[in-house]
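Biologist: Before I use any labels from this model, I want to know what stands behind them. Take me through a few, one at a time.

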Amino acid sequence: MKILYIDIDALRPDHLGCYGYHRNTSPNIDSIAERGTRFTNYYASDVPCAPSRTAMFSSQYGIHNGVVNHGGLQADKRPVGQGRPFNFHHTEHQAWVDVFRSKKHHTAIISPFPDRHGAWHVLQGFLEVQDTGKHAAETADDVSKEALRWIKDRGTEKNDWFLYLNFWDPHTPYRTPEEFGNPFKHDPAPEWLTDEMITEHGESYGPYSARDIPRVKQWGDLPDEIKSREDFKKWVDGYDTAIRYVDDHVGKIIETLEEQGILEETIIILSSDHGENQGELNVYGDHQTADHITCRIPCIIAGPGVQEGHVDEDFHYQIDLGPTLVELLGEKRRKKWDGVSFLPSLTEGKSAGRPYLVVSQCAWSCQRGVRFDNWMFIRTYHDGLKEFPEYMLFDIENDPHETTNLAEEKPEVTGKGLYLLDQWYARQMEVSDLPVDPMWNVIHEGGPFHTRDDMTLESYLKKLRKENRLAAADRLEQRYKQKEVK
C-alpha cells in the first residue's frame, strides 16, 4: 500500500473549486476529488498549527495530549509518567504512523514543522525525516522539488510507503513568487463582506483585525489595512494566488506519480491543519478562533479501494483519519486514541460520522466551539484582545461567514450548545489521564501565547492610542478592568 498525504497549511475548503468556490484556484486538487471521496464537514479538533498536527498524529484531543498552545506548559505533550514503557511500539501509546512502520511500510516526512514548533513528538513512527530548511518560509517549489525526488527514488524502490508532505504558501505572509502573477486580477472577491461590515471592523480591534494586519513583507501589493472592498479583493487575491500556486505543484506531483507508473496504486490524501479567516469575526488572514472557518478543513481521499465521486456530509474530526488508515491496513485502533474510523464511508459510501463535534483554540484566544445540526456555537473563555462576547451562535447553513450572532435570539439553541459542550467536557475529563484541563493552565499562565508574548494588553493599548483609536482603546481597557474586578 502506498499513501501520499498532502498537508497544505491554512487551506480553507470553501476556497477550492471542488467545494464550490467561484474562482479557479484548484484544478489539480479538483481532479483528485473527482476520482475519490470529498468530506464536507471535516474539522480539526484543536487549532491552530501545533495543536492541530499534534492531535492528528496522536489521534487525541488536545485536552488529552496536552498540546493546546504555541508556548508555555501546554505547548508540549503530557509525559506518560511512571508507567511509560521502554518504547511505544505495540502499546496503547503507539502513534498510528508507527503502526505503518511496524507493518513494514517505509514512513517519511518532508516538512519544517517539527523544528519550527519544537514539536518533535509528531515524528513518532517516521523512519525518514527531511526538513526543507526554511522554517516555514518555503514556497511550493521548495517542497515539490524534494517530493518529486523522493517519489522517483524511494517511491519506486519501496512497495509499501507513507509519505507526508507539508506546503505552507496559503499561510500568511503569502509568499507566492511575484513572477507567478495574479491569476485572479479580474475575478471579483467573495461578495459576503460589505463595505458596511468593513467599516464596523475598522472601528473594533484585535490582532489581525481590519486595521491591525501585521506589516510584514508579503506578496504583491497587499494592503496594510482593510478599509474597503478594493482592499479586501487585494488581500483575498494574495491568499487565492497562493492556493493556485500550490495547486500547480500538486499537479506536478500527480504527473510524476503517473510517469513512474504508481499513480493508480497510490492513495492520495489532501487536507490541512486549519482554515484561515478572511474577514470572518474580524480576523483577516489568520486562525485565531474555535469557529467554523478556522476549524473546518478540506479532506479529499482518492485511490485504490476508495469510493469514486462520493461526497460525505457527516461530521468527522481529523483525529479520525489515523484509525481509518490503520483499519484499512487490517490493524485495530489503540486504546489511547480518541479518533474513530470512518472506513465504511471511504470504501462503501456508508455513513460513519459523529453526532456533533467540539473544537478548541488556545493559542490566540481560549474558545471551544460545538458544531451540531446546522449550528456553530462558540464559548469564549479568554478573548485574546478581541471584541468577542462570551457566547456566539451562527447558522452555518444560511450564514457560513458568521456575520450574525444569534446567541440571544435563539436561547434554546444556545442552551443545546452549552449542554453538548458540557457533555463532551465531562466525558473527556472522566477518561483523561490527569484531572487537569490544559486550557485552564493556559489561562492561568496569562492567556493565549500570541497575546501574552507577541502582543500584550499594554503594548496593544499603546498602539491603539498612538493611532488615535481612542474609543476602541477605552473599550478594550474597560473590558479587562471588569475582568480584574470579577
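Modeller: Buried means under 20% relative accessible area, exposed over 50%, and partly exposed in between, with a 1.4 Å probe and protein chains only. This is a predicted model, where local features need pLDDT of at least 70, side-chain atom pairs count only at pLDDT 80 or more, and totals for chains, interfaces and linings use all residues. Residues are numbered from 1 along each chain as its sequence is written, and side-chain values use heavy atoms, with hydrogens and water left out.

Biologist: Why is T107 called buried?

Modeller: T107 has a relative accessible area of 0%. The limit is under 20%, so T107 is buried.

Biologist: What makes Y425 partly exposed?

Modeller: Its relative accessible area is 28%.

Biologist: How do you know that the T107 side chain and the backbone nitrogen of L127 make a polar contact?

Modeller: A polar contact is a pair of N or O atoms within 3.5 Å; within protein, one must be able to donate a hydrogen and the other to accept it, and residues adjacent in sequence count only if both atoms are side-chain atoms. The backbone nitrogen of L127 lies 3.0 Å from a polar atom of the T107 side chain, so the distance is within the limit.

Biologist: Which residues does Y425 touch, leaving out those up to four places away in sequence?

Modeller: Y425 touches I63, R368 and D437, where contact means heavy atoms within 4.5 Å. Y425 and I63 are 362 residues apart in sequence, but 9.0 Å apart in space, C-alpha to C-alpha.
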